[in-house]
Amino acid sequence: MLKWRKKIAVILVCLMCLTAAGCGGSNTDDSSGSAEKAAENTTYSIWIAKGESSDYYSDYKDNPVIQKYLRDTYIGKDEKEVKIDLEFLIPVAGSEKDNFNSMIATGDYADVMGLTVAGSSVLDLYKEGIAMDLTGYVEQYMPNYKNFLEKNPELALTATVLVDGEKKYLQLFDYTLEVDDFQGLCYRRDWIVKYGKNPVTGEPFSGECTEKNEDGTWNTNTWVDNVVFPNGGTDPVYISDWEWMFGIFETALADLDIRDGYCMTIYPSGFNNVGVLNSSFGGGGPLWYKDKDNKVAFGGNNDEMRAYLQCVNTWYQNGWIDKAFPEHTGQLLWRLDEGKIRQGKVGLWHGMSNHLFGGLDMGDEYTKDIMVFACAYPINDIYGGPEQQYKEPYFLYRQSQEGPSYMVTTKALEKDTIALFRFLDSLYAEENAILNGFGLSKEEYEECQDPFYTKWGLTEGAYYDSGLKDETGRTIYYIDPIILNESGALNTAVRLNRLLNLAGSTSAGVVIDPSLTDQYRHAKNLWEKTYENTGMFPVSFDSQLSSAQAKDTSAVRTNVEEFMQKNLVTFIKGPKDPYNDSDWQAYCNAINKYNPDKVTQVFQEVVDMLK
Amino acid sequence: MKAKTGKGTSAEKVKPYIHKVTWRQDFTRNKALYFVMLPCLIYFIIFNYIPMFGILMAFEDFSVTKGFFGSKWVGFDNFRTLFTGEAFLTALRNTVCMALLNLTIGFVMPIVFAFLISEIRTKKFKRSLQTVSYMPYFIAAVVVVQLVKEFIGTDGAITAVLTLFGLPKQNWLANPNIPVFWLINCLTDVWQGMGYGSIMYVAAMSQVSGDYHEAAVLDGANRWQRVTKITLPCIMPTIIMLFTLRIGLVFVTGFDKVLLMYMPTTYVTSDVLSTYTYRMAFGVGTPNYGLSAASGLFQSVVGMALLLISNKLSKKVTDKTVF
Amino acid sequence: MKAKMNTTKRETGNLRNAGMVENPSLIERIVHAIIIAVLLLIAFCSFIPLWHVLMASFSDGKVLLAHEGLLWSPVGKASLAGYRNVFKDASILSGYANTLIYVVGATSIGMVVNITGGYVLSRESKLRIPLTLMIMLTVLFGGGLIPTYMVIRKLGMTGTRLSLLIPGCTNGMFVIMMMNAFRGVPESTVESARIDGAGHLRTLFHIMLPQAMSLGTVIILNTVIMQWNSWFNASIYVTNNKNLWPLQLWIKQILAENESFLINANPDYSRYLVQYALIIVATLPILIALPFFQEKLEKGIIGGAVKE
């Protein structure tokens with residue numbers, strides 16, 4: 001027994017020494033070598049919510065584009081050229097909010113911080129002396145940023161915040177030059193061809209790929225068919241077209257004996273706060289939106305919502321909607337039940353651009369020879385009354401040119417702020433937009449021989465000149481096939497995806513995927529350009545609210561959304577019935593108890609102020 | 001034949017001593033004792049008591065930027081918002097029901113398992129049974145929930161078994177009827193904690209002197225009588241202690257899996273206080289830390305009250321207290 | 001005494017047999033059989049999900065995604081792709097090393113606090129009740145994440161190993177349990193030790209601890225498990241020091257990174273296997289070490305059972 005005690009004592013002593021040693025060698029290790037040249041006051045810490053997967057690099061500073069920026073010098077105070085260094089702070093996935101708030105609460109913040117998970121508005125952060133007033137710096141040292149805003153007045157409106165009657169820059173936004181929607185509605189054209197009949201003549205359809213690839217397989221970008229929808233065109237436009245499609249999908253699912261497939265699924269709470277199918281029934285969205293005359297309205301209990309519910313309820317009773325739709329909690333809108341989609345068991349879904357055409361063909365049982373086309377959100381022509389029919393949607397889920405925002409904190413005042421803002425501005429230079437948005441070109445690579453690019457075989461750069469020009473005379477660059485064929489996130493790792501910047505194709509050149517055809521462009525148009533998206537409030541809208549306005553609206557919004565999440569599903573699945581007046585009235589009354597008009601009023605004030 | 005355990009000298013014996021001694025005498029007598037207490041005391045003061053100023057959040061309109069001492073004091077407003085929220089009563093009811101299940105089925109199962117295990121004589125068999133039964137405890141909550149989803153989903157293995165008994169085939173996790181979610185949560189906890197929770201009881205049972213069992217067998221007692229009249233009373237102090245502690249904690253812990261398993265359709269039975277608070281405080285717009293802290297404080301106070309009550313009760317029933 | 005015990009043992013054996021012969025052996029046997037059947041069923045239920053996960057981790061990712069139901073053997077072409085993905089870089093191994101350090105370190109420090117605290121609380125003194133209440137209170141009330149973070153930061157522990165070794169090493173429950181263990185030691189033993197002139201520390205280590213070790217071992221086991229599974233503290237205190245991350249935090253990170261593998265044009269289905277492989281990698285060592293722990297545990301229990 002004595003020996004046992006002695007052993008424990010020895011172990012304890014060892015551990016004490018170990019811990020003492022442990023806490024010594026625990027600080028961040030410097031990875032890249034270019035840090036030597038930067039002085040203390042030009043080393044800036046940047047907090048971003050997410051980095052890149054450790055498959056590529058674990059310190060975001062190793063991002064090749066960042067490395068390129070670090071090789072340049074910037075003019076700091078005293079008009080001296082200085083080299084800068086960056087330190088990236090990235091939280092662990094899942095604890096971003098806690099990490100951000102701990103830093104703020106302890107006064108331990110970075111110089112630049114992303115605001116996606118911020119607990120308070122940037123206005124409050126400014127009032128508490130955490131966020132800097134950037135107006136002076138933007139005016140003096142950020143000509144590129146200003147330039148961009150001048151060319152885009154819509155974006156400039158919400159780039160500033162009203163502080164005591166004055167418009168100030170309190171945050172910097174991540175902008176893109178050209179928006180490329182990578183998500184939208186997809187449906188199985190091959191099922192339409194195989195199981196559908198021409199609505200006018202009753203003849204079956206035919207469709208096939210017309211060209212073959214080099215290796216003998218059919219080139220899925222050359223599909224041609226003679227499909228005609230009830231509306232007379234080659235793309236679905238109305239709800240009636242959709243119902244016609246669902247009938248065909250039903251036949252397909254039965255014929256193929258797919259027991260766990262379905263025509264389409266919907267978002268688990270029955271609606272999505274970015275609208276989607278809601279706006280087909282009158283144009284507006286399920287929560288707060290603004291109509292064409294800039295009048296703010298609430299869509300949770302209006303006739304448009306009722307028509308939408310009646311439609312989806314009918315579809316559910318017909319067995320066209322995925323019976324398990326409320327269970328896909330936690331999934332993103334364009335990734336709902338993606339497992340099933342990849343197995344080819346779904347007729348119509350909100351998917352991604354890599355689902356289009358032959359993208360899902362894995363040679364499996366149900367994905368062999370699949371052909372997926374894009375379509376726009378439909379226009380209601382069946383349900384509700386005249387106000388809910390034949391109205392084009394204007395509240396749509398779209399990529400916006402405006403991305404997340406970042407603040408510069410007062411911690412940066414201790415350092416060389418001029419060099420910092422000059423660096424930040426260089427991220428917005430138009431000539432850097434392709435670099436930010438796509439990666440290094442061949443020349444840029446050869447200059448630096450970036451080890452990350454070398455490792456992945458991108459010795460020709462991330463894109464190359466195709467030799468062609470587009471309609472407006474811009475050079476067309478093609479993305480390197482290595483990036484296109486990689487199955488991970490290489491395409492974001494080779495460019496500057498996680499930090500504020502101006503990215504995208506410029507007036508000089510446009511970078512595209514070479515496999516894209518006219519058909520693809522048509523698909524993209526259906527996703528992006530069919531309807532105008534004027535009803536949505538931009539992300540920056542929230543930062544336009546004053547603290548009092550934010551407080552007034554926050555609780556109402558939470559309660560209303562929670563209430564709708566719990567109740568709309570019952571109108572679709574049952575037991576409630578949207579056709580039943582008393583059910584509907586009860587729901588409306590219950591929602592009104594939360595006073596949604598208060599939020600409508602506040603939002604209207606802000607909208608009026610912005611105009 | 002009630003066995004003596006010697007555990008827990010009764011409080012009665014101690015009291016007179018305390019009252020007879022003055023502070024100065026006590027200090028001179030127990031100087032060294034208090035000195036030994038220092039590391040423990042320092043630890044709890046630094047890491048538990050100093051951070052407790054955070055409880056202030058419950059009475060403030062807390063804003064991260066303003067901090068604890070700069071945020072506006074709102075008294076009991078946060079509590080009012082909490083209690084008048086639409087789903088509060090449902091959440092409370094669900095919490096209570098799940099806690100009750102935890103205290104009954106969840107508490108008894110490990111004991112039952114310990115009894116069963118103790119009946120095995122073969123050492124190797126007993127050892128391997130125990131090892132296998134510990135396995136589920138080490139699986140992280142996220143993984144357990146995933147397994148649950150797979151097993152009781154529409155095509156899950158357990159669902160198939162239940163269908164054999166005549167129950168309709170469905171995704172049980174999406175079933176909002178009254179005891180379904182509660183049972184799922186309880187049984188998952190049992191599955192995870194039964195083997196591991198039985199360790200203490202097996203340890204206590206092995207301490208019961210073999211003499212008693214021999215004598216019982218001599219007297220003609222069968223297995224059941226041996227269990228209820230010898231083993232059970234012997235481990236009763238352990239049971240009481242663990243039960244008392246559990247009552248205090250049951251309101252506060254054990255709901256980490258709920259957040260991963262629930263969905264809007266089942267809120268009516270699956271929403272508990274902590275998940276309700278989570279949605280209210282961090283759902284939309286600005287996070288409301290004050291509300292979340294108020295809820296935490298409410299739960300702590302209730303837990304404290306329960307602990308005190310159960311301690312008093314345990315004293316009345318068995319003359320032993322936890323503290 | 002020893003001699004007497006030996007004979008009793010032999011007699012017990014005979015008596016046991018005698019008892020069984022006297023009672024209807026059929027019922028006894030049936031009951032015994034039922035008990036064994038129930039235990040086997042429980043063991044089966046405990047084991048099967050883990051078997052399912054093990055089989056899944058060796059399966060073919062694409063087939064696995066479409067598969068529904070229990071796995072008895074790997075579906076599709078068996079492959080190690082999931083594991084290859086997991087061990088791609090040294091992070092998991094580094095996580096293991098760190099977790100070992102934290103487990104051993106935190107448990108030891110924790111036990112020091114538990115033992116000293118439990119001992120003092122079990123002795124009679126005027127401060128006993130207030131101190132006990134004080135410790136008890138910490139179990140139920142807490143300030144929350146941000147205040148604790150602020151304290152730890154003030155102490156300069158953030159970003160170092162200390163933040164994972166000291167703050168979470170024990171809690172009030174364990175101290176109270178230790179106190180109960182010490183209270184179970186018969187008063188006479190303590191008295192005799194004091195009479196022999198032993199001071200507090202001596203009494204504690206040489207006399208009381210061995211007898212309280214049964215509960216002590218359980219507490220150690222609990223702390224070990226707590227530390228093995230912990231990731232939250234690390235995610236807050238050593239966020240940017242990847243070389244200090246424990247195993248579970250790496251698992252969380254890798255899981256998050258592989259979660260959206262279906263977004264890509266050519267999904268790499270081996271990423272779907274990663275979550276299963278990770279479970280196995282994270283729990284297997286403990287499961288293998290369990291039998292060895294059990295031996296220690298039983299020794300400790302038996303050691304503690306020897307009284308007087």
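Which residue is the bridge partner of A:Met113 in strand 16 of chain A? Let me begin there, with the reminder that what we are looking at is a predicted model. The partner is A:Met407, and this pair belongs to the antiparallel pairing of strand 5, residues 112-114 of chain A, with strand 16, residues 402-408, a pairing that extends over 3 bridges. Strand 16 of chain A is also joined by 3 bridges to strand 8, residues 172-176 of chain A, and those two strands run antiparallel as well; here A:Tyr175 has A:Glu402 of strand 16 as its bridge partner.

Of the 308 residues in chain C, 48% are buried, and if one takes the contacts in chain C with a separation of 6 or more, 71% of them are accounted for by residues 24 or more positions apart.

One helix pair in chain C deserves a description of its own. Helix 9, residues 172-183 of chain C, packs with helix 11, residues 200-229 of chain C, at an angle of about 145°, the axes being 8 Å apart, and the crossing of the two is right-handed. Helix 9 of chain C contributes C:Phe174, C:Met177, C:Met178, C:Asn180, C:Ala181 and C:Phe182 to the contact, while helix 11 of chain C contributes C:Met208, C:Ala212, C:Leu215, C:Gly216 and C:Ile219. Sorted by class, that contact has 9 nonpolar and 2 polar residues, and no charged ones.

Finally, I turn to how chain C meets chain B, where 74 residues of chain B are in contact with 70 residues of chain C. On the side of chain B that touches chain C, the largest share, 15 residues, comes from helix 2 of chain B, residues 23-49, and by class this side of chain B has 49 nonpolar, 18 polar and 7 charged residues.

Key:
Residues are numbered from 1 along each chain as its sequence is written. Chains are lettered from A and ligands numbered from 1 in the order in which they are written. This is a predicted model: local features need pLDDT of at least 70, side-chain atom pairs count only at pLDDT 80 or more; totals for chains, interfaces and linings use all residues. Two residues are in contact if their C-beta atoms, placed from the backbone, lie within 7 Å. Helices (H or I, at least four residues) and strands (E, at least two) are DSSP runs, numbered from the N terminus. Ala, Val, Leu, Ile, Met, Phe, Trp, Tyr, Cys and Pro count as nonpolar, Asp, Glu, Lys and Arg as charged, and the others, Gly among them, as polar. Axes are lines fitted to C-alpha atoms, for helices over the stretch in contact, and angles run from 0 to 180 degrees between N-to-C directions. A crossing is left-handed if the near helix is turned anticlockwise from the far one by less than a right angle, and right-handed if clockwise. A residue is buried if 20 or more other C-beta atoms lie within 10 Å of its own, exposed if 12 or fewer, and partly exposed in between; C-beta atoms are placed from the backbone. Two strands pair if DSSP finds at least two bridges between them.
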